[in-house]
Amino acid sequence: MKKNVSKVFFIAFLLIFNLFTLSAQNFPQGSTSGTTQMNSNVPSPTIPNVSIEITQPESGEEVAFSIRVLLLLTILTLAPSILILVTCFLRFSIVLDFIKRALSLQQVPPTAVLNGIALFMTLFVMWPTFSTMYEKSFKPLSQGEIGIEQAYEQAETPLRMFMYSQMSEDTSYIKMFMSMAKLEKPNTLKDVPTYILVPSYILHELTVAFKIGVLLYIPFIIIDMIVASILMSMGMMMLPPVQISMPFKLILFVLIDGWGLLTQQLFISVIK
């Protein structure tokens, strides 16, 4: 039986091989012959030479220009971190992470989704500030009306106003950093250097975000305590209370439109 099957396969292989051989030898009428050789008239591709030349500066202006380029590249590298720290993104991201932990959620929603929500909420809130920076700084610089120094000052002013407006009711951190730097008490915003204003704003945003997080935790902690006491009274000590209380917290959060209320209150806390 095995020998007959092998013979059948061998005969079928020979028939297929003959068919391919005949089709390769007898081209259909009207077909053209092809070649794999490249046309000699086609020019060969040219690759430009790339060279880097390092020379000694001949004047102080060249040294200053090199330092400016180095500082500009450094600022561009740190730009994402700077924008995160000097905008309301810090507050939004921390509060959204707090609400995720208060609901006892581990993987839903993912951290990338929460950061994306915080990013677009930040763009919504900061859009007037960014528009002012574009109109007064980047646009005149691109048209050659102002220099880099003036563009930096024009871009810094709206951002300083935003940070100071968030700390207008509590300037304790500004006073703390001014005393640490041994500077005189400022009378106006212009008397506060930027290197004092930025860390003060970061600490202020962390404090506000943690205050909001504590207020968010309170109702959910009450639900956890109620569920834990019920389970203890029923003798179910081995059952994790968090596993039972999480659906009730989700139901409560959905019924009160938690995402809408949280977003609205975050906007109100920033846009006064």
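**Pockets and helices of an all-helix model**

Helix α7 makes the largest contribution to the lining of the second largest pocket, supplying 7 residues. The structure is a predicted model, in which local features need pLDDT of at least 70 and side-chain atom pairs count only at pLDDT 80 or more, while totals for chains, interfaces and linings use all residues. Residues are numbered from 1 along each chain as its sequence is written, and side-chain values use heavy atoms, with hydrogens and water left out.

The protein chain holds 9 helices and 0 strands, with helices (H or I, at least four residues) and strands (E, at least two) taken as DSSP runs numbered from the N terminus. Of its 272 residues, 25% count as buried, where buried means under 20% relative accessible area, exposed over 50% and partly exposed in between (1.4 Å probe, protein chains only). Among contacts (heavy atoms within 4.5 Å) with a separation of 6 or more, 70% join residues 24 or more positions apart.

We can now turn to the pockets. A pocket is an open set of points on a 1 Å grid over the protein atoms alone, where a 1.4 Å probe fits, with protein on both sides within 12 Å along at least five of seven lines; lining residues have an atom within 4 Å of a point. Grid points are joined across faces, edges and corners, and the volume is the space filled by probe spheres set on the points. The largest pocket contains about 1300 Å³ of space. Its lining comprises 27 residues, with L72, I75, A151, Y152 and A155 closest to the centre. Helices α2 (60-85), α4 (111-142), α5 (148-166) and α7 (194-233) each supply at least two residues of this lining, and α2 gives the most, with 11. By class, the lining of the largest pocket has 21 nonpolar, 2 polar and 4 charged residues; here Ala, Val, Leu, Ile, Met, Phe, Trp, Tyr, Cys and Pro count as nonpolar, Asp, Glu, Lys and Arg as charged, and the others, Gly among them, as polar.

Of the 13 residues lining the second largest pocket, R91, H204, V208, K211 and S269 lie nearest its centre. This lining divides into 4 nonpolar, 4 polar and 5 charged residues.

Buried residues of α4 include L114, M126, T129 and P140, and their cover includes α3 (89-102), α5 and α9 (258-270). Just after α4, G144 has a positive phi of about 80°.

In helix α8 (residues 241-255), the end C-alpha atoms are 22 Å apart, which agrees with the 21 Å that its 15 residues should span. S245, K249 and F253 are buried in α8, and the buried residues of α8 pack against α3, α7 and α9. Just after α8, D257 takes a positive phi of about 55°. S104, in the loop between α3 and α4, counts as buried because its relative accessibility is 15%. Leaving aside residues up to four places away in sequence, S104 touches V242, M246 and K249.

Note on methods: Expected span 1.5 Å × (residues − 1).
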